[in-house]
Number of protein chains: 4
Amino acid sequence: MIIVLKPGITKKDEAAVIQEIKHLGYKPHIMRGIARTVIGAIGDEQTHQTLEVLTGWPQVESVMPVQKRYKLVSREAHPADSTIEVNGVIIGGPKFQVMAGPCSVESEEQVMETAIAVKEAGATILRGGAFKPRTSPYEFQGLGKKGLQLLAKARKETGLPVITELLSEDHAELVAEYADILQIGARNSQNFQLLIAAAKTGKPVLLKRGLAMRIEEWLLAGEYVLSNENPNLLFCERGIRTFETYTRNTLDLSAIPIIKRESHCPIVIDPSQGAGRADLVHSLCKGAVAMGADALLIEVHPNPSGARSDAAQQLTLHDFSRLMKELQPLIQAAGRE
Amino acid sequence: MIIVLKPGITKKDEAAVIQEIKHLGYKPHIMRGIARTVIGAIGDEQTHQTLEVLTGWPQVESVMPVQKRYKLVSREAHPADSTIEVNGVIIGGPKFQVMAGPCSVESEEQVMETAIAVKEAGATILRGGAFKPRTSPYEFQGLGKKGLQLLAKARKETGLPVITELLSEDHAELVAEYADILQIGARNSQNFQLLIAAAKTGKPVLLKRGLAMRIEEWLLAGEYVLSNENPNLLFCERGIRTFETYTRNTLDLSAIPIIKRESHCPIVIDPSQGAGRADLVHSLCKGAVAMGADALLIEVHPNPSGARSDAAQQLTLHDFSRLMKELQPLIQAAGRE
Amino acid sequence: MIIVLKPGITKKDEAAVIQEIKHLGYKPHIMRGIARTVIGAIGDEQTHQTLEVLTGWPQVESVMPVQKRYKLVSREAHPADSTIEVNGVIIGGPKFQVMAGPCSVESEEQVMETAIAVKEAGATILRGGAFKPRTSPYEFQGLGKKGLQLLAKARKETGLPVITELLSEDHAELVAEYADILQIGARNSQNFQLLIAAAKTGKPVLLKRGLAMRIEEWLLAGEYVLSNENPNLLFCERGIRTFETYTRNTLDLSAIPIIKRESHCPIVIDPSQGAGRADLVHSLCKGAVAMGADALLIEVHPNPSGARSDAAQQLTLHDFSRLMKELQPLIQAAGRE
Amino acid sequence: MIIVLKPGITKKDEAAVIQEIKHLGYKPHIMRGIARTVIGAIGDEQTHQTLEVLTGWPQVESVMPVQKRYKLVSREAHPADSTIEVNGVIIGGPKFQVMAGPCSVESEEQVMETAIAVKEAGATILRGGAFKPRTSPYEFQGLGKKGLQLLAKARKETGLPVITELLSEDHAELVAEYADILQIGARNSQNFQLLIAAAKTGKPVLLKRGLAMRIEEWLLAGEYVLSNENPNLLFCERGIRTFETYTRNTLDLSAIPIIKRESHCPIVIDPSQGAGRADLVHSLCKGAVAMGADALLIEVHPNPSGARSDAAQQLTLHDFSRLMKELQPLIQAAGRE
């Protein structure tokens, strides 16, 4: 930690800071500059208590951490790329993966028709929501267990592994029984109890970035999964909240190279939530592929305008099939299979 | 709902929109303007399915809801101010209330000393965290049940009712056993399962605004409490996330008149989280009082620099006492007791 | 400056950093920590070239400035509050000031009626736009020179000094001829050529905060005024852009204590632009007074719904008069006259 | 325009709204819904005065425009893609273009070396700043006219047309004498006087998106160029300001498909400003190409760590050459030359 002192403070005030640094187990190292005195606090920031308490002291101008706060998710801890396998599908390896399916599971017919069609178009994982977090209590909240059973049926039929959202600690076991990957949604990205419950099921966890989450906070939320003895974590960028109103969110594609630099975990892009508009999905998918994403998570529905949630952003089966063809040359140009 | 059609579409495309409007139970009403055709869909938007599905149709330019999506929290539903009583303390009435105490409960000595001091200074409710949501899994997570017991002991000693945070559905009963008001934190503000669990305990619920939450979404999250048969809801503004880095968050004091206009529920301001800096708390409290807040939620610690969480933003006992004196003339000027 | 090196770099890479630090005139000071090596670069950051170039070096993890980048606007440079006098009206002193008038000057009748009414209600400075920056080229752009003449006439009639916006370097002399204070709008807050041109007129400059401007950038923009030999600078908070859509902007009232802490220049609050809604102006004014603002800048129009710009946010003459009465007890409670 | 009335208002209040609608030249059309009365105001919103004045009326809940506010920049006005030619280089056509060069022109040697190298690597336009807008008045402000002359010399030597920034209305003629494209920077994106001055030179104008600019506002700022009889406008996305601090800005690549949909003008991406970090530039360029951008604007410097501005984000000559090779397969995959 680096502690910058205010100019013109007394020797006594300076001594008090130095004593506190020692008290918390760090070794102080004083540098007298032209305009400020700066104290380096030598010690492992990951095992010692933080010195940020000093921010509140009147003689202290600022406190700056030197070490990163995340460990297990970091490239420093694990320099090679991690890969995650579900039923033979490997995410994070040379093959580019596509997760596709409806926003909500609505009926057997709908999920079956979608699963078969997305598989034929080239998707390798089936997505679908059984428990839905909705802004208003008066909106469709998902089919629950019945939805999970339909997803399992579609998996049996098509062989596609299934990703679905976990909303409640109390459902962790139930959802893990049916799903191959547990999704933690943006609104629950710092619901740490849910992250722990998901991690403890042992299933891979896909962690969406929160609407107002800095990259560092996202990595630290991921740390809750890895530190609960579950090594199978995927990060998923799905748009952050900004002042722009043309799109529902602003998809931050720069998260791809950043996560690749800071972490060994795979990075997945969700352009459907990111834009909130089906007409932008094609273009955003192309960008994600070119920038090195490991997988896409795309909402597809046999009849989007009849969908019970997020109708505006779901692709038709035909659009999805066209998209998959358009992505081929880019996947190759990006050096993926 | 208002549906704006794109210019130059075919009669057939227009007819398809009209049919869908009828299909969803609305009565279409066509207006042909100079540059656009607009269709009004007559019907109760709160009971019919949303027409936002039409956003995805190629012939549709935009879909605009006409009604507000929240009901029970709205002033329309309940024109008079609601008040919430806990152990004789009434929030939302003529008397201005102050909730104060440490960020985290750390020890019996700490919580007792604080409770006695804040009561003496004029606080009427004791706050303190037993379960703490922390950005990193390596930070202090709170004393848990032991912390709740210490809060209960402080209540017994001082008579101050207690507000404390609920983090997990599984703790709802436990926390409700000890607490007089359940606090839902910013990171859980759209953890709807937690909101429902909190509501069902029957205890008053203080709902903090999420870091990226629009006012409308906050009101809708509140709707999850009231629609689960708990009428005792308090909104708490604690700062939103913006580009500014001088403060930890940007406290949006305009939320006070807005909540007063849109809702009947009391509004509480948390300047400690809002600024993340103790040196700004005095000024923010004064603004909140002048603008008509019903209560303040302030972090106070006998020794902030030794605090195990949020050291930078906690007031000393002495500072808190000084603040309470400084607020007196403003509380009177604002017409409160 | 503090330079944090990456872990595990070679001696040669470290030496290169040290040499560059020396090359730029700083004295390096090495601290070897547990996980990182940190180098303090001793030297005046305000006179030496910045070391931020090192951010781009592969062996460097981060570069952190220790000194503040602003000088003349800072409290360190000028510990006492600055006051600005225009025609006997002193801003920044014990008396609270109110600047009021129409968004745009539209006609002699309109500006005269408003000037007389706001003076009677207690305003001490007249505001009014002659040159208007409009988002669309098809909107009313102001009366220009004719508008300035009408403001001058209103000043002659009422004795109120005049504040009006400067939009173009080419108009600096012209506007300075008629106005007592030059306003720089939010969209021009980093139009540095305009700031310099305004400063050089010698008239006091009111600098609005840009929509996406950090406090530090605002202070540095103010530095352009003071470093061009004009000591009469006022900062004006008028709302920043956030994700919230209920209000046009989010008025950041915490700017009041922050500017008071960092700078000696007066701080003015513009609640009309801040909210974009007349119905929130009363409450925001009260907050600003209580929090220690030196003045308010309020849009008032004899007939807001007929206004040629910003109709939604202008107060009627009657509303303004009522507001001034409501502010009285708060001005006193805040210790102002 | 659509005007939504509040529930429960009197007949008289409703009649007043209707009269005002007529007064402003629109034809009112009343729709009585279940919960609200809605009035359609029929008339051309681009030629009539806006009805947004009604927002301030107590009986009005909201006012929603139906038409888009931009005309000349819109696809509706000009369905085909516009192309812009400078010295034989066509932007917006089948060939993908790359503009490259130093952030600031610093010396003849620097600009010559860079120009020759970027041309050899495949760049087709030379960029370089002669007038620099700097956050602090104490930072390097550019070489001014001398810088323009060096750019002209580099053009003569290499044949590359030149793009450079215009900062001041007073320099419009001077800069236009030397430059082939005038760049308007993000901080001046709503400096409408500068936009008009740039448009009037007749040179193509590249308009960067402001840090807090919605797409609609950007299009309207572009309207200032086209409505001043200059048809040669390029939009340039360079990152918006968000809460994220890992990158300097958040590059909003979704601006590419949006501008393509809403406007006929070419879209250019500036990844250097967008990320503020050279290490992310490669990845962002790939995304931009894949998503259909017409050109890139990249900062390149022979010795970035010695650069007098923005050192952290400039590529070396070698890195730039490598980037150009890496982009080849993506340019082809995106169907460009």
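Me: How many residues does the contact take from chain B and from chain A?
Reply: This is a predicted model. In it, chain B puts 39 residues into the contact, and chain A puts in 39 residues.

Me: Which elements give two or more residues to the side of chain B that touches chain A?
Reply: Those are helix 5 (192–200) and helix 6 (215–226) of chain B.

Me: And which gives the most?
Reply: Helix 6 of chain B, with four residues on the side that touches chain A.

Me: How do the residues on that side of chain B divide into nonpolar, polar and charged?
Reply: On the side of chain B that touches chain A, 17 are nonpolar, 13 are polar and nine are charged.

Me: Why do you say the copies meet through the same surface?
Reply: Because 100% of the interface residues of chain B are also interface residues in chain A.

Me: Symmetry next. What rotation superposes chain B on chain A?
Reply: A rotation of 180°, with 0.0 Å of shift along its axis, and the RMSD is 0.0 Å. The two copies are therefore related as by a two-fold rotation axis.

Me: Which residue of chain B comes closest to the rotation axis?
Reply: B:A212, whose C-alpha is at 2.8 Å from the axis.

Me: Changing topic: into what domains is chain A divided?
Reply: Chain A has domain 1 (2–64) and domain 2 (84–333).

Me: What distance separates their centres?
Reply: Taken over C-alpha atoms, the centres of domain 1 of chain A and domain 2 of chain A are separated by 44 Å.

Methods: Residues are numbered from 1 along each chain as its sequence is written. Chains are lettered from A and ligands numbered from 1 in the order in which they are written. This is a predicted model: local features need pLDDT of at least 70, side-chain atom pairs count only at pLDDT 80 or more; totals for chains, interfaces and linings use all residues. Domain bounds come from an automatic or database domain assignment. Two residues are in contact if their C-beta atoms, placed from the backbone, lie within 7 Å. Ala, Val, Leu, Ile, Met, Phe, Trp, Tyr, Cys and Pro count as nonpolar, Asp, Glu, Lys and Arg as charged, and the others, Gly among them, as polar. Copies are superposed by least squares on the C-alpha atoms of residues with pLDDT of at least 70 in both.
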